[in-house]
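Me: I have a model open and would like to go through it piece by piece. Can we start with single residues and then move to the open spaces?

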Amino acid sequence: MNARDEQSQQITLRDQRKLAFSEYGVPDGKPIFYFNGTPGSRLEFVGHEDIARKHGARVIATDRPGFGLSDLQPGRRLTDWPDDIIQLADYLQIDQFGIIGVSAGGMHAQICAVKVPERLTNVALVGSPIPLDRPEAFEGMSTLNRSIFWLGHNLPWLYWIYINLLVLAIGKDTDRLVKVVSQAAHTTDKELFFSPLHYERYKANFGEAVRNGTKGVVQELYLSARPWGIEPEDIGIKVNIWHGGLDTNTPPSMGRLLAQRIPDNKLWFYEDLAHYTLLHERLDEIVRETVR
């Protein structure tokens, strides 16, 4: 049975998992799949509906496995994600579409660009990471994030224990979750997080990610620090890379390395923006470029 309201739609995939999504903007507009950060959910696009409508976009935001209303995927691999998206696109009768991948969503967008390039019109990587298999990947990263992901790459068993304990301690306390996420953020991002206008929106987005437990977050954090199964050099289509010079989550070095490693790309670099302020300040342009 497939739910059919805009904020909590679901489809049943071939393996009987439920995949959840929300739709924003123009119902018959140019389709864009929106991949949120971690932690995050299909609600990350809430508050930006006017931007989608302005550019004639139909934005489809998804919950990845174990997040929000999407079922956990036992034995998940990052390279499984394109198949989920193609099943959703086929269900929605969408032949070709753009992708906006934000933070960890950029990792998933890169994988789609390698695995299903024939279905894509445009790809935007917004504050996206790179595979953590090279020392330069950590340059400029916050001490907290650097130590966490170093563990994931070099001592995966210890990393698994650490993130389980961390996420267990947070549980479903969304106020605490926002505070933990903000620890690795630049000062300008923290100001955005805790502003009266945006705090409840971040709480709702992060809280939705763990509404049915934290296993999906733990699984994805672990997978992000391990080999992804693709390399940026494998991408054979044009990609727009959006990155902030003040980003301490996915530092500026990652944006520049993506530009060096992806054969065909355009780098949009903003010295005065950080990880979350980049999306907040530049989403209008990001959607505009992605519907072209």
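Me: Where is the place of Thr 62?
Reply: Thr 62 sits in strand β4, which covers residues 57–62; helices (H or I, at least four residues) and strands (E, at least two) are DSSP runs, numbered from the N terminus. Before going further, this is a predicted model, in which local features need pLDDT of at least 70 and side-chain atom pairs count only at pLDDT 80 or more, while totals for chains, interfaces and linings use all residues. Residues are numbered from 1 along each chain as its sequence is written, and side-chain values use heavy atoms, with hydrogens and water left out.

Me: OK, and is Thr 62 buried or exposed?
Reply: Thr 62 counts as buried because its relative accessibility is 0%, where buried means under 20% relative accessible area, exposed over 50%, and partly exposed in between (1.4 Å probe, protein chains only).

Me: What does Thr 62 touch?
Reply: Not counting residues up to four places away in sequence, Thr 62 touches Ala 20, Phe 21, Phe 33, Tyr 34, Phe 35, Asn 36, Ser 41, Arg 42, Trp 81, Ile 85 and Leu 88, with contact meaning heavy atoms within 4.5 Å.

Me: And Phe 35, what is that in contact with?
Reply: Leaving aside neighbours within four places in sequence, the contacts of Phe 35 include Thr 62, Arg 64, Trp 81, Ile 85, Ile 99, His 108 and Cys 112.

Me: Which residues have the most contacts inside the largest nonpolar core?
Reply: They are Phe 33, Phe 35, Leu 88, Phe 97, Ile 99, Leu 120 and Leu 125, in a core of 59 residues; a nonpolar core is a set of buried Ala, Val, Leu, Ile, Met, Phe, Trp, Tyr and Cys residues joined through side-chain atoms within 4.5 Å. Helix α2 (residues 81–91) gives the most to this core, with five residues. There is also a second, separate core of 24 residues, which includes Tyr 24, Tyr 270, Leu 279 and Ile 286.

Me: Switching to Ile 241, where is that found?
Reply: Ile 241 is in strand β7, residues 239–244, and counts as buried at 0% relative accessibility. Leaving aside neighbours within four places in sequence, Ile 241 is in contact with residues including Leu 125, Gly 255, Leu 258, Ile 262 and Trp 268.

Me: How many residues apart in sequence are Ile 241 and Gly 255?
Reply: They are 14 residues apart in sequence, and their C-alpha atoms lie 6.9 Å apart in space.

Me: New topic, what volume does the largest pocket have?
Reply: The largest pocket has a volume of about 960 Å³. On a 1 Å grid over the protein atoms alone, a pocket is an open set of points with protein on both sides within 12 Å along at least five of seven lines, a cavity is a set of points where a 1.4 Å probe fits but cannot get out, and lining residues have an atom within 4 Å of a point. Grid points are joined across faces, edges and corners, and a volume is the space filled by probe spheres set on the points.

Me: Which residues lie nearest the centre of that pocket?
Reply: Of the 49 residues that line the largest pocket, Thr 38, Pro 39, Val 181, Asn 249 and Tyr 276 lie nearest its centre. The largest share of the lining, six residues, comes from α5. By class, the lining divides into 31 nonpolar, 15 polar and three charged residues, where Ala, Val, Leu, Ile, Met, Phe, Trp, Tyr, Cys and Pro count as nonpolar, Asp, Glu, Lys and Arg as charged, and the others, Gly among them, as polar.

Me: What is the peptide bond from Thr 38 to Pro 39, cis or trans?
Reply: That bond is cis, with omega near -5 degrees, and Pro 39 lies in the loop between β3 (30–35) and α1 (49–54).

Me: Since Val 181 came up, which residues are buried in α6?
Reply: In helix α6 (residues 174–182), the buried residues are Thr 174, Leu 177, Val 178, Val 181 and Ser 182. Seen down the axis of α6, they fall within an arc of 130 degrees, so they line one face of the helix; the arc is that of the directions from the helix axis to the C-beta atoms.

Me: Last one, what lines the largest cavity?
Reply: Its lining consists of Pro 131, Leu 132, Asp 133, His 153, Ala 225, Arg 226, Pro 227 and Trp 228, and the volume of the largest cavity is about 30 Å³.
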